[in-house]
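These are my notebook entries on the packing of one protein chain.

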Amino acid sequence: MGPRWKGKGAEAKALADPMSEIVSQLQSSLLQSNACASLSGCSVLLAVETEKTELLTRACFGKPIITAEKEKQWFQLGLEEAFYLCYSLKCLKIAGEDNFVKNDLDLWLYMKLKKEKFPDFYKAYSHLRMKNWVLRPGLQYGVDFVAYQHHPSLVHSEYAVIVLSEGDTGRLRVWSDFHCTIRLCGSVAKTLLILNVDKNGHGAISPSCLERYSVEECTITRWSPEQSRDDKKAS
């Protein structure tokens with residue numbers, strides 16, 4: 001289907017300011033400030049100054065929270081987003097309710113407790129983020145994530161992403177599920193992207209297991225007889 005840019009100059013602006021560079025700037029900024037966030041149920045809260053507010057917004061991590069505090073801006077990060085900044089980019093520390101910084105293993109166990117499928121979702125999230133795709137929650141479309149080629153202000157989301165794993169019997173196991181999902185994706189001009197996470201016989205006792213997981217990408221589109229028929233008339 002290809003990216004659908006929002007207005008003239010959007011593609012040129014994205015090319016001039018690649019997402020990989022924006023994320024690199026955010027990583028450096030968070031490292032320099034020794035940034036530390038706090039666990040809050042199924043999300044992570046981070047208070048930042050003006051510079052980091054702009055970088056977090058440009059890099060599409062979290063969402064700002066409106067508060068009465070003027071000196072700092074609070075951001076609410078999803079579990080996958082927070083763990084990506086902490087574990088993969090090594091630029092964010094995360095403290096528990098006791099205000100002590102959690103190590104990678106404790107953080108992993110906490111997030112698994114809050115979200116049963118966290119290991120699979122995180123592997124899928126990091127798989128696309130490392131390829132410089134921007135991921136946002138896809139609940140409004142009935143999927144796990146929506147994927148953008150750049151910032152959502154410049155381009156419409158290109159993929160509706162569903163994460164599947166071994167033993168997953170809840171979704172897309174019968175043809176009617178596929179048919180409904182594909183029709184929905186088509187109605188909002190998105191391609192269905194299935195990410196199959198294979199643990200390859202390894203468990204999820206620690207984040208080091210992620211290195212042994214593999215991800216299979218599969219795009220599914222609806223076949224249209226009208227677009228595929230041969231209109232050539234016999235002479």
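I took a nonpolar core to be a set of buried Ala, Val, Leu, Ile, Met, Phe, Trp, Tyr and Cys residues joined through side-chain atoms within 4.5 Å. Buried means under 20% relative accessible area, exposed over 50%, and partly exposed in between, with a 1.4 Å probe and protein chains only. I worked on a predicted model, in which local features need pLDDT of at least 70 and side-chain atom pairs count only at pLDDT 80 or more, while totals for chains, interfaces and linings use all residues. Residues are numbered from 1 along each chain as its sequence is written, and side-chain values use heavy atoms, leaving out hydrogens and water.

**Core.** I found 67 residues in the largest nonpolar core, and Phe 61, Phe 83, Leu 85, Ile 94 and Met 111 have the most contacts inside it. Helix H4 (residues 79–88) gives the most to this core, with 7 residues; helices are DSSP runs of H or I, at least four residues, and strands are runs of E, at least two, numbered from the N terminus. Domain 1 (19–115) and domain 2 (116–234) both contribute residues, so the core lies between them. The domain bounds come from an automatic or database domain assignment.

**Phe 83.** I then listed its contacts (heavy atoms within 4.5 Å). Leaving aside neighbours within four places in sequence, Phe 83 touches, among others, Trp 108, Met 111, Phe 118, Tyr 122 and Pro 207.

**Aromatic pairs.** I paired rings of Phe, Tyr and Trp (its six-membered ring) if their centres lie within 6.5 Å; planes under 30 degrees apart count as stacked, over 60 as edge-to-face and the rest as tilted. The whole structure holds 11 aromatic pairs. Phe 83 and Tyr 87 are stacked, at 5.1 Å centre to centre and 15 degrees between the planes. Both lie in helix H4, 4 residues apart, about one turn of the helix. Phe 83 is buried, with a relative accessible area of 0%. The rings of Phe 83 and Tyr 122 have centres 5.0 Å apart and planes at 85 degrees, so this pair is edge-to-face. That pair links distant parts of the chain, since Tyr 122 lies in helix H6 (residues 118–129), 39 residues apart from Phe 83.

**Cysteines.** I counted 0 disulfides, a disulfide being a pair of cysteine sulfur atoms within 2.5 Å. For Cys 209, the nearest cysteine sulfur, that of Cys 86, is 17 Å away. Cys 209 is buried, at 8% relative accessible area.
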